[in-house]
Amino acid sequence: MTVPVKSVFLQSYGLTVHDIENYLSAALDRGGDYADLFFELRINHSISLEEQLVKTATKAINLGVGVRVLSGEKTGYAYSENLDRENILRSARTAACIASSSTSGGKIGLSAPAIHEHDLYSISVLPAELKIGDKIALLQQADVAARSYDQKIRQVQASYVDETRHILLASSDGRLVCDVQPLVRMNVLCVAEDNGNRQSGHQGAGGRRTLDVFSEALDPRALAREAARQAVLLLDARPAPAGPMEVVLGPGWPGILLHEAIGHGLEADFNRKRTSAFSGLVGQKVASELCTVIDDGTIPFRRGSLNVDDEGTPTHKTVLIENGVLCGYLQDRLSSKLMGAAMTGNGRRQGYDHVPIPRMTNTFMMAGTSSPDEVIRSVKKGLYATHFGGGQVDITSGKFVFTASEAWLIEDGKVTAPVKGASLIGDGPTVLKKVTMVANNLQLDQGVGICTKEGQLVPVGVGLPTIKIDEITVGGTQK
Amino acid sequence: MTGTLKEIACHVVDRARKQGATAADALLREDETFEVAVRRGNVEKLKEAVSKNLRLRVFLGNRTAASQTSDLSADRVDRLVDETVEMARLTSEDESGGLPDPTAFSGEVPDLQLSDSTWDELNAEHRIDLARRAEAAAFEADSLITNSKGGFFQFERSRTVLANTVGFVGGYEATAGYLATAPIAESGGAMQQDHWFTITRYRDRLDSPEQVGRRAAERVLRRLGARRVKTCQVPVVFDPMASRTLLKHVFDAVSGDAIYRKRSFLVDQIGEVVADKNVTVVDNAHLVGGLGSSPFDDEGVATQFTPIIENGVLRSYLNSAYTGRKLATRPTGNGNRTASGGIRVGPTNFYLEPGNDSPDAIVGTVKSGLYVLELIGFGVNTVTGDYSRGVTGLWIEDGKFVYPVHEVTIAANLRQMLQDIEMIGNDISFKGPVAAPTLKIRNMTLSGE
């Protein structure tokens, strides 16, 4: 069944469905197996408040179309920022060159699916339409709250960014899929100073919503107070310990552990090419029975969620690890076809100028049954890490690092002194085998994650309940 | 929008002025890119495009806003100029705002030879062949190399034009080619990856694919059989690919953006000893053919040679027009245009001057210690200098490599690490805008078993 497609590209850029069908034919003119066109209009705004001044406001417009042709394991790709006929056809012909047979593309008929499987971020006002004054007001609230938290707070930088992303995907198998994806984010950075000792603290929040996301626990004042609290706390932090020890991870953002330790290693492209430390481990035990890990792109309003991925596939809830056993991989179209597996809606790209590759959406561990207090009480001597910066993984050796920005010593079952940030290093395929307690307090992060792979940045989410890892190496300086 | 990059840039700043801007500058860039990935001998990905981009900054007195667009249709560009001026009305008066002082625009700039037209003689077939040969050379080097992430060739030609409302109009063209391969080696059921690459503005300076492949193979093979070591305090030697990351941290700490915000461990230390007496660090925009070289920066300021650390003494920070005013000094030609159109301080060619010791001689002085091949993670705090990162490397015993090491971290404070640079190699090579030779650091905490 065909329904009229409402897309900015058809309404405002003079494209017709008939034109798009012709471009797809041209893309397959050298005999490719499959072609798609990815039209994208991404509008971003940002505002930065610092030294109590609105220092700048920015607007960015990224418009373009990427043409992809698949032929066996090969991908031909070209893109154009000019949406006129001549330029798109040139891109289609360039991408077509990856294939080399004389069969022609034939006639392609496009139709739109009757309804979207998901409607995860239905909002009344798109970020691109928001009033700048309303955004400035949020930043000013954060600034005042941070400065009044403590006299030791010397600097506050509050920033706001939003994105409105229109996509239209047309494929040679006849699909015409569009989506409009809102995204907002706010960050507060504070620097505290005491007798020449300077420390910083950060907090942020966001989601695929409008400014209403910044309320209650994510109110700008709450974010600011949290950033200020971290900065002031670190003024009294001791150097972090060095060596292997018991580590308790707090709920929420520490889920970056899952993202680095196992998530990347389970992206299908690495496993199809057998370059991942997880290659060939499906069906095997890679974690303790307490661990069930999910990637779910279908949670309403979350930063990592999408109605459809950047290949037009509806997103899924994919079980990666169930009770410790590895269940499957995160797939895009190319890998799923070559591996004979179902697509999971994880084919994502930074923009029209990049090919889609398997990426995570929102990756988290299911809650267990322990209480968070019980987990802490069980540790004789260890580290309790509650806030993290970034992480990185070597997917081939499986070694990963993630860096705590707030951590405490645990001594005889009690949280005692704060310690300075330190990196934690471990081995992806074995670290979850050392998870001996999982608490009942699963939290998703506040909506600020950015993941980088092969030079492409995409927004993601993570989540974790409080967990205990029996041994992981803490990279501090103190014996 | 039709017209040359220069015509568009001039039109944009004129329109901004007519809309009420007191000053504006526009950077137009056109990039021609070609990318091929070959894996196990077969072409995996071919990508080609020509793209254009406008980045605009406007001032209304001391208020400012910025914008960026890849849509250069006349109508869209004009609308964006108007919207940018409107946004600027809503920002704050900032006494340090504005275009650079007009005297900063002039300057004698040598011919930096950033472009090589002979890349055009290398057609797509040749480019694919280079990638294929680099990967093949790695496979041929040893049967323990069982897999590959691929062989890669990339080429980029960019044309940059900058125009502003006080009469500056300038432009330049630059080319760069990149050839790499990333083999995977396997033994005892464990895999390791590494890569090697060559990058240059000149076609005849590209290393041969065979050299690239063999070097990549050597690098990955020496990681096989990696193990952990016990937590200890040891001297640490950084391979140039690792030491250049240390220089990146030094850059972050001397950037005017970090200094005026007091978010650097090097705040208020001009004239102080901040590193070992043999350490000299410079930012040199005038290296002929340098990957970070340019005749003027992204706000039109003439680029220069800036001494950063001389014989251990901190001499200068790096500044844009804005951070220069904040710090009551002149811009150093380090204004980089961000993706959203504003200006941030960036490095040109930022490097630690090479010393006299060969890398072998440096390793030879280590009784027991770690040689760093690769660092992962983000455990560096520019505000405090605290440093903690994951390492893959080689263990040194009595001056010789004895076995590879992984799943350990090294930690210290950058302030102390700079003071503890005990030996400096003679082996600098420029594989990007930031570079350093082999470095030996007297003592760091290694955290392992």
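This is a predicted model: local features need pLDDT of at least 70, side-chain atom pairs count only at pLDDT 80 or more; totals for chains, interfaces and linings use all residues.
**View 1. Two helices of chain A pack side by side: α4 and α5.**
Helix α4 (residues 132-149) meets helix α5 (residues 220-234) at an angle of about 35°, and their axes are 8 Å apart. The crossing of α4(A) past α5(A) is right-handed. On the α4(A) side, look for A:Leu138, A:Gln141, A:Ala142, A:Ala145, A:Ala146 and A:Tyr149. Among their partners in α5(A) are A:Leu223, A:Ala224, A:Ala227 and A:Ala228. Sort the residues of this contact by type and you get 10 nonpolar, 1 polar and 3 charged.

**View 2. A:Ala146 sits in the largest nonpolar core.**
This core has 271 residues, and A:Ala27, A:Ala146 and A:Cys190 are the ones that touch the most other members. Strand β5 (residues 176-194) of chain A gives the most to the core, with 11 residues. Now zoom in on A:Ala146: leaving out residues up to four places away in sequence, it touches A:Ile153, A:Val156, A:Val188, A:Cys190, A:Ala224, A:Ala227 and A:Ala228.

**View 3. A:Tyr121 lies in a loop of chain A.**
The loop in question runs between α3 (85-96) and α4. Is A:Tyr121 buried or exposed? A:Tyr121 counts as buried, because it has 20 C-beta neighbours inside 10 Å. Setting aside neighbours within four places in sequence, A:Tyr121 is in contact with A:Gln181, A:Pro182, A:Arg208, A:Arg209, A:Pro300 and A:Phe301. For a sense of scale, A:Tyr121 and A:Ser397 are 276 residues apart in sequence and 38 Å apart in space, C-alpha to C-alpha.

**View 4. An open sheet in chain B has 5 strands.**
Read across the sheet and the order is β11-β10-β9-β14-β19, with mixed pairing. The edge strands are β11 (313-314) and β19 (434-435); each has a single partner strand, so one side of each has no neighbour in the sheet. Further in, β9 (residues 281-284) and β10 (residues 305-310) run antiparallel and are joined by 4 bridges. B:Val282 stands opposite B:Pro307 in β10(B).

**View 5. Chain A and chain B meet.**
Chain B brings 61 residues to the contact and chain A brings 63. Which element gives the largest share of chain B's side? That is β2(B), with 10 residues. By type, the side of chain B that touches chain A has 17 nonpolar, 28 polar and 16 charged residues. Strands pair up between the chains too: β2 (residues 53-71) of chain A runs parallel to β3(B), and 4 bridges join them. There, A:Ala60 stands opposite B:Gln68.

Definitions and conventions
Residues are numbered from 1 along each chain as its sequence is written. Chains are lettered from A and ligands numbered from 1 in the order in which they are written. Two strands pair if DSSP finds at least two bridges between them. Axes are lines fitted to C-alpha atoms, for helices over the stretch in contact, and angles run from 0 to 180 degrees between N-to-C directions. A crossing is left-handed if the near helix is turned anticlockwise from the far one by less than a right angle, and right-handed if clockwise. Two residues are in contact if their C-beta atoms, placed from the backbone, lie within 7 Å. Ala, Val, Leu, Ile, Met, Phe, Trp, Tyr, Cys and Pro count as nonpolar, Asp, Glu, Lys and Arg as charged, and the others, Gly among them, as polar. A nonpolar core is a set of buried Ala, Val, Leu, Ile, Met, Phe, Trp, Tyr and Cys residues joined through C-beta atoms within 7 Å. A residue is buried if 20 or more other C-beta atoms lie within 10 Å of its own, exposed if 12 or fewer, and partly exposed in between; C-beta atoms are placed from the backbone.
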